[in-house]
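Trainee: Walk me through this one, please. Keep it brisk.
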Amino acid sequence: MLESSKDSAKLDAMKRIVGMIAKGKNASELFPAVVKNVASKNIEIKKLVYVYLMRYAEEQQDLALLSISTFQRALKDPNQLIRASALRVLSSIRVPIIVPIMMLAIKEASSDLSPYVRKNAAHAIQKLLDPEQKEMLIEVIEKLLKDRSTLVAGSVVMAFEEVCPDRIDLIHKNYRKLCNLLVDVEEWGQVVIIHMLTRYARTQFVSPWKDDEAGEEYSENNFYESDEEQKEKDRKVKATYIMDPDHRLLLRNTKPLLQSRNAAVVMAVAQLYWHLAPKSEAGIVSKSLVRLLRSNREVQYIVLQNIATMSIQRKGMFEPYLKSFYVRSTDPTMIKTLKLEILTNLANEANISTLLREFQTYVKSQDKQFAAATIQAIGRCATNITEVTDTCLNGLVCLLSNRDEIVVAESVVVIKKLLQTQPAHHGEIIKHMAKLLDNITVPVARASILWLIGEYCERVPKIAPDVLRKTAKSFTNEDDLVKLQILNLGAKLYLTNSKQTKLLTQYVLNLGKYDQSYDIRDRTRFIRQLIVPNEKSGALSKYAKKIFLAQKPAPLLESPFKDRDHFQLGTLSHTLNSRATGYLELSDWPEVAPDPSVRNVEVAESPKEWTGILGKTKKEKPAEKFYSESEEEEDESASTSASESESGSESEKEDKEEGSSDESSGSSSSSGESSDSESDNKENTAKKTSRAADESDSEDIKKKAKAISRKRSTSSSSDTESTSSEESSSDSKSESDSKSDSESGKSRSATSSKKEEKTIQDRKAPNKQDVFLLDLDDFCPVPTPVAVPTAAVLSPSLTADLEGLSLLSSSVIDVTTQVSVPTKTHELLHRMSGKGLAAHYHFSRQPGIFGDCMVSVQVTVTNTTDQKIENIHIGEKKLPPGMRMHEFNPIECLEPAGSITVSMGIDFCDSTQTASFQLCTKDDHFSVNIQPPVGELLLPVTMSEKDFKKEQGMLTGMNETSATIAVAPQNSTRLVIIERVVKAANLGIVPSGQDNIHRFAAKTVHSGSLMLVTVELKESSTAQLIINTEKTVIGSVLLRELKPVLSQG
Amino acid sequence: MIHSLFLINASGDIFLEKHWKSVVSRSVCDYFFEAQERASEAENVPPVIPTPHHYLLSVYRHKIFFVAVIQSEVPPLFVIEFLHRVVDTFQDYFGSTNVGDQLPTGQLSVVPWRRTGVKYTNNEAYFDVIEEIDAIIDKSGSTITAEIQGVIDACVKLTGMPDLTLSFMNPRLLDDVSFHPCVRFKRWESERILSFIPPDGNFRLLSYHVSAQNLVAIPVYVKHNISFRDSSSLGRFEITVGPKQTMGKTVEGVMVTSQMPKGVLNMTLTPSQGTHIFDPVTKLLSWDVGKINPQKLPSLKGNVSLQAGTSKPDENPTINLQFKIQQLAISGLKVNRLDMYGEKYKPFKGIKYMTKAGKFQVRT
């Protein structure tokens, strides 16, 4: 058929041959007939011939050579698919003679115009791996690493990992690019890149885990260091630990991938966070890992193993997901035992009772292997959590009467271990177990009981000899394990109670002497020499008692996953708990970070030709490379520096989106382009980029100045506009400098590199101060919006004072404090019931007059009688526990028709419970009470939108309550919403970049917990109201109270 | 990476093999067979098996083991996930047409997941919101754990390069999401809108988990009375299934399965509706109930005969439940609107909701 002239017949033949190969049948004798068809015009036949060649070329090298020339021709084919597949086949046929040809082909392909072909070049590298070619291959890898196509990135990193994983120096210059491309790389590439970057980061950055050590590192000064370096050090010493921006970049850019549908990607990110992120941030991966548990059994297995390791070290990460690890009867045993392992790791005082109840169900499982594992788990819980040791022990003793022998046996073994840890007063249990001995047949369990009795024979003096008697009788029929323990028991009894047991022991020893097992004979001889005194016995027998009855250390009941943590998570080695071939050790954090500047990239040098013709992407990219603080920060500063950016930020965002989607299109469309236009573009591109870099540079500087001024305004609340404008003007000078520079240098692309240097200098020299401040602000691992409010929240009176004192512009104050004192007053005491004394109160929203936790309440007392009322004061107080009250100073005398306002403070303990007290006059006392609206239990907090979002991100799940409400049309403008919300609750306004979202922030007065309120306007006059807070009760009450505020007209 | 791949069927024959690097002898699978023997059940075969020179990573689907041979360190999930994708592809390929006469053509497109030049006369886009309830209900009927997992599966047949956006009325419900790579993550982060250029045909757009604080409405309850007595070899078995919190929708496709203890010899049961089977070999009882009529609750009652002489089983069997509720997303998730950009024609759009039982277990 292969000789047939018809393609259809040939195709049919090839299909059958390939079918044979797949079934493992030998089709090698057809080689000559098949290889002829390699030049077939029919692409279908060609493909199948390729499949055949890949399988048999190795065996028939001479004949295979015939086909090489066809491939060489195909390598030059105008169709990129054909070029790529030729390369693929060529690299797969494993004929040593063609290695040089391959090398050449790979080299050529690595500079192919099509990223797809370049990707295949990267694949081919791995297949060609040959020690002689290594150096050349590394060159190609180095070249491909510089490639900007997302198509190539994954494959080349894979090649890097296979060929030269130790050449970390090749990564430096590509690090930031890889981080930035990561999201757009295909899934499999992402996994490989993330694993590689994890290793890389561990060699390049200092540990984010030990704050205290960071300081020490820098205490030794080398005298020859330049001033600048010295300054750098000083800064670090002060700030203890600041994450390298590149380190942060990696963490930030991998985070979205936790949302990947690919389990391998999620696991890769999880292990990256585990090995690289500050401990406080690693928690974000747990939710995604738990999600993977919904996946196939195999995925579950691997993920559970990794969670098991994690949960030993950081319980907190998975504690909220405890119930996700509950076992279902349909789970396969291996999944069950892994879940059980995790549950045991997560057990603590708080959840142990729930867990033990759950374990009880498991013990009854039909899957006996699992039931036995559960018993061990109970044992571990019992040792780890002392509160429940006795409960567990009792539970286990109950299990001793279980019908299933495996269960009983396991219980015995676990009880033995438990008793060993605290043998003090468990004589009863030992007696009980001694009774069981008659019924239990499992050797391990019998041995355990015997050992226990022997060990604690003095606690059960009556039973022990009897047990020995019984077992001596059955000695010959016992398992070796049991025999050894019988000997042991005998020896111990001989030493403690020789009167009763001397003969018995000797009998047992005699039996042992002639046992079949040499182990037993050996032991018998050993014991006899030690315990039976005779003339030959040496000094040792004197110490027999000490030897046999020494205090033995209790066995530790530990997780089998304890020692796995030295393997990188997510690796094969971790799963197997042994080093797999080719496992690369994760290095320890360096004491001192290597020079970070190695990762700087000079823009002029980077190959631009692949990014195609789209200007937008190019404008973005160089800036990103320079400033690793990319998106997030830009967004933030854009939205906070309100006036400048309203429109700007939007367009920026749009650009970015387009950019990211365009990028892939750009890169792949470039393949279709002819090389002429490409080179034409090149010049333009270089110019453009250099200018773009400058522009974005200066833009950044502006933003920095803004950010600083913003910071000042929040921290000291006395923003001196003049200073910041001075600063920014000085900055803008440098900015205009560089701009003019770029103008003059436009014609010569060569100067761009010089300019680059200049901008770097710009950044370093005049703005050093700024950069540092900014760094502190942005890369501090935990933002501190909560720390500032005491200064930021100003009472109106204080504000007024300040206004008089300084030059500050009132507009700034407006934003930061936003004190709107509600006019609403509440009745405290009606004049009728107060015998003419009336009292009203309202919340003045002045923080901290009476103490940090107090809400200030202003009480206005009015005298409606026609006589003086004397000595108005607070009498007996009936406050719920924890509540405190700061009384107002007694009013000595209130004239008729007079009224007076006094202030008092109440610490409501963040609850809406009523504060009851007596309002007394000279002659009377009236019971009154104050119940605070929940909105008054808050103090406004100033924070940026970014911080808000960050905090909000941490307060999701349980801590979030939300509701959809109808908003009256007249209420939907920004001002009205702000006014109404702020009136209803003492909230601080958070500047918002979006028109339809309004954010407010506050902290509770008593505990200082954050309370974040978001009002998001939707279409058709509805709005989503979201409250994020740890204080869920207050949160939900606040939600209820805010609802009508917005919906009512 | 993967060196070779072997496909092994239920009777232990290697019926397909493929080698990417040099050929690895089939005998490597002997290690796998050993492990399989030790595991007794297919489900318990460890997914990772070390052998002296290789590592065998396997997945088990459709009663077939896909065994990948690995030579050096690799993230195991990488291989496992890949194998699952291979199986998915096989399923797609062999499922729809008989072994294709046309081999799939490799293609390069600007959007890697969508081919260019797609054309349809009827342009339609259907989305199925499917939610599954995973729950463990204890003996007394109280919920030990319950959570909702959902997916949105799409069938999109649209001409050209459509760019779709899909928004929800209540996106806050979605606690943890994972996307098809086509979804623009940034847009979701900032606006909670799904924006994407869809692949052509069927695909899973999104999987999600509903935030834990929303209490899960359990739409059915099971009343059970299963008792074995120590003295006699007879036991009572009685279960009733009823609806609860179904938002007025019918519960259908109800199926009850339960693994009986080994000591159970046979069961003589009468169902009020549906059909039931007890397999005396595997001891698996399954009862295909069908629809639940709230006026006349389905029940299954009768006797259990136990092996004489053995003591009564320690544990009562757990009951696994399957059911379906059409036109209801139990979490309350609602799609707000679906818009198309980038193309001029007007597509036909449809959204369907469904709630199903996931891993739904009742302990007795």
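Mentor: Start with chain A, where five strands form an open sheet in the order S1-S2-S3-S7-S5. The pairing is antiparallel. Strands (E, at least two residues) and helices (H or I, at least four) are DSSP runs, numbered from the N terminus. Two strands pair if DSSP finds at least two bridges between them.

Trainee: And what are the ground rules for the numbers?

Mentor: This is a predicted model: local features need pLDDT of at least 70, side-chain atom pairs count only at pLDDT 80 or more, and totals for chains, interfaces and linings use all residues, while side-chain values use heavy atoms, without hydrogens or water. Residues are numbered from 1 along each chain as its sequence is written, with chains lettered from A and ligands numbered from 1 in the order in which they are written.

Trainee: How many bridges between strand S3 and strand S7 of chain A?

Mentor: Eight, in the antiparallel sense, between residues 855-863 (S3) and residues 899-907 (S7) of chain A.

Trainee: What is the order of the open sheet of four strands in chain A?

Mentor: S6-S4-S8-S9, with antiparallel pairing. Strand S6 (891-894) and strand S9 (925-930) of chain A stand at its edges, each with a single partner strand, so one side of each lacks a neighbour in the sheet. Neighbouring strands are turned by 35 degrees against each other on average, direction ignored. Strand S4 (residues 869-878) of chain A is joined to S6(A) by three bridges. A:Ile869 is partnered there with A:Leu894.

Trainee: Helices now. At what angle do helix H29 and helix H30 of chain A pack?

Mentor: About 145 degrees, with the axes 8 Å apart. H29 covers residues 498-513 and H30 covers residues 518-531. The crossing is left-handed. That label means the near helix is turned anticlockwise from the far one by less than a right angle; clockwise is right-handed.

Trainee: Which residues meet in H29(A) and H30(A)?

Mentor: H29(A) brings residues including A:Thr505, A:Leu509 and A:Lys513. H30(A) brings, among them, A:Ile520, A:Thr524 and A:Ile531. Contact means heavy atoms within 4.5 Å. The residues of this contact divide into four nonpolar, four polar and three charged. Ala, Val, Leu, Ile, Met, Phe, Trp, Tyr, Cys and Pro count as nonpolar, Asp, Glu, Lys and Arg as charged, and the others, Gly among them, as polar.

Trainee: And how do H6(A) and H7(A) cross?

Mentor: At roughly 145 degrees, with axes that come within 8 Å. This crossing is left-handed. A:Met102, A:Ile106 and A:Ala109 in H6(A) meet a set in H7(A) including A:Val117, A:Arg118 and A:Ile125. The contact has seven nonpolar residues, no polar and one charged.

Trainee: What does A:Arg118 form a salt bridge with?

Mentor: A:Asp147, with the closest N and O atoms 2.3 Å apart. The two are 29 residues apart: A:Arg118 sits in helix H7 (residues 115-127), A:Asp147 in the loop between helix H8 (134-145) and helix H9 (150-163) of chain A. The structure holds 42 salt bridges over all chains. The test is a side-chain nitrogen of Lys or Arg within 4 Å of a carboxyl oxygen of Asp or Glu.

Trainee: Chain B: which strand do six bridges join to strand S14?

Mentor: Strand S19 (residues 319-326) of chain B, antiparallel to S14 (residues 251-259). B:Thr257 stands opposite B:Asn320. S14(B) also pairs with strand S17 (residues 284-290) over six bridges, antiparallel. There B:Gln259 partners B:Leu284.

Trainee: Where is confidence lowest in chain A?

Mentor: In helix H42 (residues 810-816), at a mean pLDDT of 34; helix H16 (residues 263-276) is highest, at 92. pLDDT is the predictor's confidence in each residue, from 0 to 100. Chain A averages 73. It stays under 50 over residues 711-819 of chain A. Chain B has a mean of 86, and 92% of its residues reach 70 or more. Over residues 97-101 of chain B the pLDDT is below 50.

Trainee: What ipTM does the predictor give the complex?

Mentor: The ipTM is 0.88, and the pTM is 0.65.

Note on methods: Axes are lines fitted to C-alpha atoms, for helices over the stretch in contact, and angles run from 0 to 180 degrees between N-to-C directions.
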